[in-house]
Amino acid sequence: SSLCDVAILVVDLMHGLEQQTIESLNMLKKRGTPFVVALNKIDRCYDWKVCPDAPIRDALKQQPEGTVSEFRTRASEAKLQLQEQGINSNIYWEMGEEDWESSDFVPLVPTSAVTGEGVQDILLLLCQMAQRKLWRQMMWHANLQATVLEVKQIDGLGMTVDVLVVNGYLREGDKAVFCTLDGPVVAEIRGLLTPPPSREMRVKADYIHHKEVKGAVGVKIIGNGLEKVMAGTSVLVIKNDEEEEDIKAEVMSDLTSLTNKLNTDKVGVMVQASTLGALEALLQFLREETKPPIPVSAVGIGAIHKRDVTKISIMNEKGKSEYATILAFDVDVSNEAKTHAQEMGVRIFTADIIYHLFDQFTRYMENLMEQRRQEAAAIAVFPSVIRILPQHVFNQKDPIIVGVEIVEGILKIGTPLCVPALGGLHIGKVTSIEANGKEQETARKGASVAIRIVNEHNPTLTYGRQFDSTHSLYSTLSRASIDALKANFKDKLETDDWKLVVKLKKIFNII
């Protein structure tokens with residue numbers, strides 16, 4: 001969105017605003033970029049009669065009444081969803097003059113990317129919007145304004161940089177300054193290439209060589225030392241040697257402004273993205289919009305190689321194997337890196353949508369945490385204080401079956417109980433909890449339940465002889481059990497439960 005003067009926000013008419021659509025919408029709002037909304041997939045409406053490449057109003061005139069009614073209903077739902085995001089909108093031909101003059105009113109254009117209906121309308125609106133709101137930005141000037149789009153290896157040409165030249169000139173032989181994570185790079189432009197007419201840069205074909213290009217145009221630059229150039233950063237040209245240091249500083253300003261966002265933690269995952277803007281968006285999402293935030297220890301731009309895997313594998317040595325993970329957003333992973341990752345115990349999650357990347361890592365962490373909880377279940381002891389209800393003693397000797405009230409904390413199956421008032425007398429382990437005839441895993445403060453206690457080491461222990469209802473029963477805590485709680489069950493305990501842990505530490509003299 002930082003490169004756009006005007007944008008098209010595509011909304012699926014069948015499903016409405018998806019999460020990534022809302023994120024794109026927020027980016028456009030944040031940058032103040034004017035945009036139109038394409039209500040795409042109108043051809044999916046029931047019984048749609050295809051009118052290839054027709055203006056949308058002409059296409060709607062050919063549709064049955066039921067189809068038009070469905071379109072109207074779905075369009076109204078999209079308008080409502082946009083309004084929930086703070087966007088006023090309307091079907092563009094139903095907008096009044098006041099709506100067009102209002103800077104916060106957005107036109108909706110029904111389209112079909114498959115059959116072409118409505119595409120003419122979008123092109124018309126973009127032209128009108130440019131003339132109404134963007135005429136100052138459209139004025140060409142000679143000062144160079146260029147941005148790196150992509151860095152890639154081309155057979156026979158070496159490493160090349162695809163650049164969007166918005167204003168000014170680029171000439172063969174110019175000394176261009178590029179931004180990298182290692183600092184500014186000065187390279188002589190050895191060639192300027194554009195694809196043949198009606199071809200994209202990505203389509204393999206013979207390129208046209210130029211001595212000079214003038215904005216606005218996309219061009220492929222050939223030069224030396226371009227391997228680490230960062231997509232999304234500016235390109236400037238040195239006119240005389242006296243300006244070189246100032247120009248280098250200006251080129252690096254994009255990266256410098258992101259210093260706070262690129263600051264990394266000592267422990268965390270590695271984040272790799274295709275462009276600087278994508279990296280910025282991903283870091284912001286991981287640190288500000290995920291609960292809890294995902295720590296990031298290293299960042300990078302471009303494809304993932306063996307060295308990146310080696311770098312993040314240090315998390316295994318630090319005992320934080322869950323963070324020996326690379327989150328790769330819209331980048332390629334070399335086969336060598338995949339093989340090395342398996343050898344080093346490093347996981348690589350890839351996706352071209354940020355939310356899918358987050359979902360993958362979240363599922364992995366949830367599964368890992370569940371596995372660790374199962375392993376720690378025998379060690380972790382939940383804090384509790386319980387009172388025996390003397391009128392509900394069902395069996396006095398092993399197994400002891402009594403009714404109890406949970407005075408504080410959480411009673412859980414497997415909890416060892418003792419009586420601190422009797423020198424820490426071990427009563428046994430809770431093997432079952434029952435309430436209203438139903439078995440349950442836990443019981444919280446205020447609950448009255450029946451419990452079964454088994455004492456394998458002292459089966460002769462008897463209620464009414466060694467202890468009775470005048471003695472409260474406590475969970476038997478230790479330093480190891482508290483550490484296991486903190487590491488694996490922190491989110492299962494509330495503030496009052498942790499206060500009880502502190503109280504029990506003093507009772508059991510735990511340091």
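Trainee: What is the relative accessible area of Arg 72?
Mentor: The model is predicted, so local features need pLDDT of at least 70 and side-chain atom pairs count only at pLDDT 80 or more, while totals for chains, interfaces and linings use all residues. Residues are numbered from 1 along each chain as its sequence is written, and side-chain values use heavy atoms, with hydrogens and water left out. Buried means under 20% relative accessible area, exposed over 50%, and partly exposed in between (1.4 Å probe, protein chains only). Arg 72 is partly exposed, its relative accessible area being 34%.

Trainee: With which residue does the side chain of Arg 72 meet in a salt bridge?
Mentor: A salt bridge requires a side-chain nitrogen of Lys or Arg within 4 Å of a carboxyl oxygen of Asp or Glu. For Arg 72 the N to O distance is 2.7 Å. The pair links distant parts of the chain, 22 residues apart: Arg 72 is in helix 3 (residues 65-84) and its partner in the loop between strand 3 and helix 4 (97-101). That partner, partly exposed at 36% relative accessible area, is Glu 94.

Trainee: How many residues apart in sequence are the parts that Glu 405 and Arg 387 tie together?
Mentor: The side chains of Glu 405 and Arg 387 meet in a salt bridge of 2.5 Å, N to O. Glu 405 lies in strand 20 (residues 400-412) and Arg 387 in strand 19 (residues 384-395); helices (H or I, at least four residues) and strands (E, at least two) are DSSP runs numbered from the N terminus. Glu 405 is partly exposed at 24% relative accessibility, as is Arg 387 at 34%.

Trainee: Which element holds both Asp 483 and Arg 479?
Mentor: Asp 483 forms a salt bridge with Arg 479, the closest N and O atoms being 3.0 Å apart. An α-helix has 3.6 residues a turn, so residues three or four places apart point the same way. Asp 483 and Arg 479 are four residues apart, about one turn, and both lie in helix 14.

Trainee: Within what arc do the buried residues of helix 14 fall?
Mentor: The buried residues of helix 14 are Ser 481, Ile 482, Ala 484, Leu 485 and Asn 488. The arc is taken from the directions between the helix axis and the C-beta atoms. These buried residues line one face of the helix because, seen down its axis, they fall within an arc of 160°.

Trainee: Which residue is the bridge partner of Ala 176 in strand 14?
Mentor: Two strands pair if DSSP finds at least two bridges between them. Strand 14 (residues 234-238) has four of its five residues buried, so it is largely enclosed by the rest of the structure. Strand 5 (residues 145-154) pairs with strand 14 in the antiparallel sense over two bridges, and strand 8 (residues 175-180) runs antiparallel to strand 14 with three bridges. The partner of Ala 176 is Val 237.

Trainee: In what order do the four strands of the open sheet lie?
Mentor: The pairing in this sheet is parallel. Its edge strands, each pairing on one side only, are strand 1 (7-12) and strand 3 (88-91). Strand 3 pairs with strand 4 (residues 105-110) over four bridges, and Ile 91 has Leu 108 as its bridge partner in strand 4. The order is 1-2-4-3.
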